[in-house]
Amino acid sequence: MGIVSPGFQGRPRSSAPDLPPGQYLTEDFPVLSAGPTPRVPTDTWEFVLTTETGAEHRWSWAELMNLPQDTPTVDLHCVTRWSKLGTTWQGVSLDTLFDAVDTDARYALAHSYGGYTTNLPLDDLRGGRAWVVHTYDGGPLPAEHGGPARLLVPHLYLWKSAKWVRGIRLLVDDRPGFWETAGYHDYGDPWREQRYQGD
Amino acid sequence: MAAPTTGRVAPLTWRVARLVERRIETPTAQTLLLDVPGWPGHLPGQHVDLRLTAPDGYQAARSYSLAGPADGERIEVTVQRVPDGEVSPYLVDTWTEGDPVEVRGPVGGWFVWRTDETAPVLLVAGGSGVVPLMAMVRARRAAGSRTPFRLIYSARTPDDVIYADELRRRARDDQGLDVAYVYTRQAPDGWRGEPHRIGLADVNSHGWPPDLEPLCYVCGPTGFVETVADLLVGLGHPTRRVRTERFGPTG
Ligand SMILES: Cc1cc2nc3c(=O)[nH]c(=O)nc-3n(C[C@H](O)[C@H](O)[C@H](O)COP(=O)(O)OP(=O)(O)OC[C@H]3O[C@@H](n4cnc5c(N)ncnc54)[C@H](O)[C@@H]3O)c2cc1C
């Protein structure tokens, strides 16, 4: 327990839901990003998986749409402390994308249109826990939430779910991405409150 | 968007801060001066997390921008009271000199301005979004920098302008600093123009043309930041030169 601040009670929290520590519930969908919202037309959009040997696997928008689709319903946890429960998405499981990929890499660096990057262990992108999603709440994913397509890795803080995702580079050695270089945690498990480096 | 150049940073620890002094800025905003033993220093634009703990162990934490440049173990934040908020009313109304609050930081390595930068700077603030931008204005002055600065500040009414006196003084004395205001609800007497939300004309006439390759910093409520950043990109500013900080879920 921290140092008590005299006179602080906190909000009444009788019906507090089961949230990760330090999170509060929000109903709206806040927007957080480091710069302006990129607008990426779907006719030029592509997603590129690059292995540690430099082999490239590419998908156009039409090719992505033709892959088997998942409809995950997941909770989101943002490092800025809001959580949003029961969000519904549609997209392609990364397991599907990795099917044809031969790799011994253990790490991944996701990168976005606009230049944003974020790192994750490759295992966290597999096993039915991560998607490239293009539909939110039944409609096309709005640009401010990362449309036309974003990564969705709901078991990690939301900055790992790179918006405007453009590709994933597989790496033998871990390399920090944009926020991680700025002091945020390399892994980012909300249940362990891994917000900043050293948590 | 280039990666920030801060490199790997040391783990951030919670430190105990005590309130030293408060300054009333507007009817709803106050500047709080805190004493933080062991404070490592910071760059203008970075923020801290403040954490409150209730007697039953419950904790709530929120982010607040650092309002001034580094000054030893003294830091300052400017907090706008959000009606029925959990943390900001405590900081503004209840927190008493000498009482502890936990602080962690500095956080953020992208929305920062370094005093050795020479590119012209455009600052666009909505409401309390002026706080980190003011830290940049103050750091510029403290470093004797001559980098040209323009600040466009959108407030509801003249009474809602944070740092009003200091901004008036600096616009007069700090050479190369221009300050322009946009009022959304009520403009001062003698003001030319009607209250309005910031738009293309404001950004166009009070900003820099893209060919001067300015660095643009936009801070405020989410909707405000979204609007201004889109306007800047529409005017031809490259996205990597437009840095944004979004303050909250509403706006
Ligand atoms: C990087 C960063 C820097 C920030 N810097 C500052 C700063 O310098 N000064 C400052 O005053 N605030 C700043 N904020 C906002 C601050 O962190 C809190 O969100 C704000 O003080 C409200 O907290 P609260 O606990 O009082 O309200 P909460 O209990 O969190 O919210 C109460 C109600 O107010 C709404 N609300 C929450 N935040 C805001 C907001 N910012 N504006 C309008 N409505 C809101 C909520 O949706 C809710 O309905 C910053 C936020 C970020 C992410």
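Start by colouring the two chains: 39 residues of chain A are in contact with 50 residues of chain B, where contact means heavy atoms within 4.5 Å. Before you click further, know that this is a predicted model, with local features needing pLDDT of at least 70, side-chain atom pairs counted only at pLDDT 80 or more, and totals for chains, interfaces and linings using all residues. Residues are numbered from 1 along each chain as its sequence is written, chains are lettered from A and ligands numbered from 1 in the order in which they are written, and side-chain values use heavy atoms, leaving out hydrogens and water.

**Stop 1: between the chains**

How much area is buried between chain A and chain B? About 3900 Å², and carbon and sulfur atoms give 56% of that. (Buried area is the accessible area, taken with a 1.4 Å probe, that two parts lose on being put together, summed over both.) Now select F8(A), P36(A) and Y196(A): in chain A, these lose the most area to chain B, together 18% of what that side buries.

Next, show the side chains of D230(B) and R39(A), which meet in a salt bridge, 2.7 Å from N to O. That term means a side-chain nitrogen of Lys or Arg within 4 Å of a carboxyl oxygen of Asp or Glu. Chain A and chain B have three salt bridges between them. Colour chain A's side of the contact by residue type and you'll get 17 nonpolar, 14 polar and eight charged residues. Here Ala, Val, Leu, Ile, Met, Phe, Trp, Tyr, Cys and Pro count as nonpolar, Asp, Glu, Lys and Arg as charged, and the others, Gly among them, as polar.

**Stop 2: inside chain B**

Hide chain A for now. Select 14-106 for domain 1 of chain B and 121-247 for domain 2; such bounds come from an automatic or database domain assignment. Their contact takes 16 residues from domain 1 of chain B and 15 residues from domain 2 of chain B. The C-alpha centres of these two domains lie 24 Å apart, and the pair buries about 1200 Å², 60% of it on carbon and sulfur atoms.
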